[in-house]
Amino acid sequence: MVELELPFVICGEVKEGRDTCLSFNRDKDYNLFLPSLCEDDITQIASIDSIGELSVREIVSFLCEAGRLWRDREYRWRALASDIASVTTGYSKQMIDLSYDMLSEVLNEDFLLRLLEVEMRDIEFLDRWVKLGEADVHAVPLGRILHVLAGNVPLVSLVSYLMGILTKNSNVLKVPTGDPATSVCLCLTFREIDPSHPVTKTSSAVYVEHDSDYLTRLFEIADGVCAWGGGSAIEACRRKCRPGVPFLDFGPRKSLQFISREIYADDEVLKTAALKAAQDLVMYDQHACHSPQIAFVESPAELFCRALVEALDEVETFLPRGYMSIEEKAQITLEKAMALFSNGKVYCSRSKNCAIILVPELQRGFIHPLSRTLFVVEVEKIEDAVHFIDSSVLVVAFSSEEKQEKLKDEVVSRGAHRLTVLGKMARFPIGYPQEGRFNLSRLVRWVAKDR
């Protein structure tokens, strides 16, 4: 048995304790000990409002200092987060390191300022009154944002938190069982940089059970809520949210690949396309909403399947699969057997850590086993696959930019949120309206003064 400890951060102050134990059965057993919330903590959190006195550039400068520290994989708070997250998420250490490398790219002045310019149209709205038509307009913080985070993608926790910081709100992070460490360690980084900084003092990261009275109390004092997770978790949060409080929900979604015949032009083109598709597939072992679950492939799909398993062997050398439970392994074994029984074909990487299942047809509503399992459906032309898209689809990745351009209007009209190309499903560009909206502008109150 391995024992780990993680503190809370409450309004920039560290709270330690071993009141709560989270157990994880991996290759060996782990216990993670955390403190517990009390009414005094809620009172302290409720006393903190926003960071409206800082300019946007002052906030960005502070965030960039954290990004500089997290570029170093040996930096103590990043190292602690990595050690704990590789246990709690079940992902490989390499996957966690890649996620934190991406964080250091996000905590960059150019990226953050461009993000604000795109989503807010003008950064000045956050700092002062700006003439707009016949009024002076200002974007003021909502106040206190409660972030109910999911544990499947470590970077998600931080993106949610950053949205709250950039809009000058105070932030309460309800950390998930699957990844309690990432958010806490970023808050600890802020404290190390400057314990009296307004961003530090308006940040809290805590773990609380979903049925706890203290979680209800956090909803009661929230001026805005960002909720991440599965359908039932989102609905539970919605019920707890006070009437009139802005509620931003994220998930659940699935994603698809549309692969057309141009990839068979020659061996090198096929190999490149398969490598890009493999890179999309392995990210977060398919547990992210942007991970492809199904690929629609123009015939002959067998050529793509064979190339893909070879590409997966290559990608696995630097991004190995993480922990899999007995139940997950059993579900994948069952799907393989059912495919073979239905005249399908199964292709496995040499490591046996990835499965490509070529099926004659796909039933809607089936439960996908994830864990690097891709269902491939052969189509005569990629247009035949468009009818499978509905509002549950987040990303559709095309192998052909020409096909993407041709089908873009029909694909989004059926419900998809984002179109991209193979290899970029996990890279969300600045300007992408997540969940069909620009979220930063939803985390402020737009106020006006008549001119």
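This note goes through the predicted model point by point, from its ground rules to its aromatic pairs.

1. **Ground rules.** The model is predicted: local features need pLDDT of at least 70, side-chain atom pairs count only at pLDDT 80 or more, and totals for chains, interfaces and linings use all residues. Residues are numbered from 1 along each chain as its sequence is written, and side-chain values use heavy atoms, with hydrogens and water left out.

2. **Main core.** The largest nonpolar core has 137 residues. A nonpolar core here is a set of buried Ala, Val, Leu, Ile, Met, Phe, Trp, Tyr and Cys residues joined through side-chain atoms within 4.5 Å. Buried means under 20% relative accessible area, exposed over 50%, and partly exposed in between (1.4 Å probe, protein chains only). Leu218 and Ile356 have the most contacts inside this core. Outside four places in sequence, Leu218 is in contact (heavy atoms within 4.5 Å) with Leu37, Ile42, Ile45, Leu146, Val172, Val206 and Val208. A second, separate core has 22 residues, including Ala339, Phe375, Val377 and Phe388.

3. **Helix H8.** Helices (H or I, at least four residues) and strands (E, at least two) are DSSP runs, numbered from the N terminus. H8 covers residues 181-193. Its expected span is 1.5 Å times one less than its number of residues. That gives 18 Å for 13 residues, and the end C-alpha atoms are 18 Å apart, so the two agree. H8 is mostly covered, with 10 of its 13 residues buried. Among them are Ala181, Val184, Leu188 and Phe190.

4. **Gln44.** This residue sits in helix H1 (residues 39-46). Gln44 is partly exposed because its relative accessible area is 25%. Beyond its sequence neighbours within four places, Gln44 is in contact with Ile10, Cys11 and Glu13. Cys11 is 33 residues away along the chain, yet the C-alpha atoms of Gln44 and Cys11 are separated by 7.3 Å.

5. **The sheet.** Seven strands form an open sheet with mixed pairing, in the order E15-E16-E17-E14-E13-E18-E19. Strands pair if DSSP finds at least two bridges between them. The edge strands are E15 (345-348) and E19 (418-421), each pairing on one side only. From one strand to the next, the twist averages 25°. Inside the sheet, E13 (residues 254-259) and E14 (residues 292-298) run parallel and are joined by 5 bridges.

6. H13 (residues 301-316) lies across E13, E14, E15, E16 (355-359) and E17 (373-379). H13 runs at about 170° to E16. H14 (residues 326-341) also packs on the sheet, touching E15, E16 and E17. The direction of H14 makes about 30° with that of E16. Axes are lines fitted to C-alpha atoms, for helices over the stretch in contact, and angles run from 0 to 180 degrees between N-to-C directions.

7. **Backbone points to check.** Most residues other than glycine have a negative phi, and most peptide bonds are trans. The bond joining Gly251 and Pro252 is cis, with omega about -5°. Pro252 lies in the loop between E12 (247-250) and E13. The bond from Ser299 to Pro300 is also cis, with omega near 0°. Pro300 lies in the loop between E14 and H13. Lys168 has a positive phi, near 70°, in the loop between H7 (154-166) and E9 (170-174). Lys168 is buried, at 2% relative accessible area. Ser371 has a positive phi of about 55° and lies in the loop between E16 and E17. Ser371 is buried too, at 3%.

8. **Aromatic pairs.** The structure holds 10 aromatic pairs. Rings of Phe, Tyr and Trp (its six-membered ring) pair if their centres lie within 6.5 Å; planes under 30 degrees apart count as stacked, over 60 as edge-to-face and the rest as tilted. Trp228 and Phe250 are stacked because their centres are 3.9 Å apart and their planes are at 10°. Trp228 is in E11 (residues 224-228) and Phe250 in E12, 22 residues apart. Both Trp228 and Phe250 are buried. Phe428 and Tyr432 make a tilted pair, 5.1 Å centre to centre with 45° between the planes. Phe428 is partly exposed at 31% relative accessibility, whereas Tyr432 is buried at 10%. Ring pairs also link Phe258, Phe296, Phe388 and Phe398 into a cluster.
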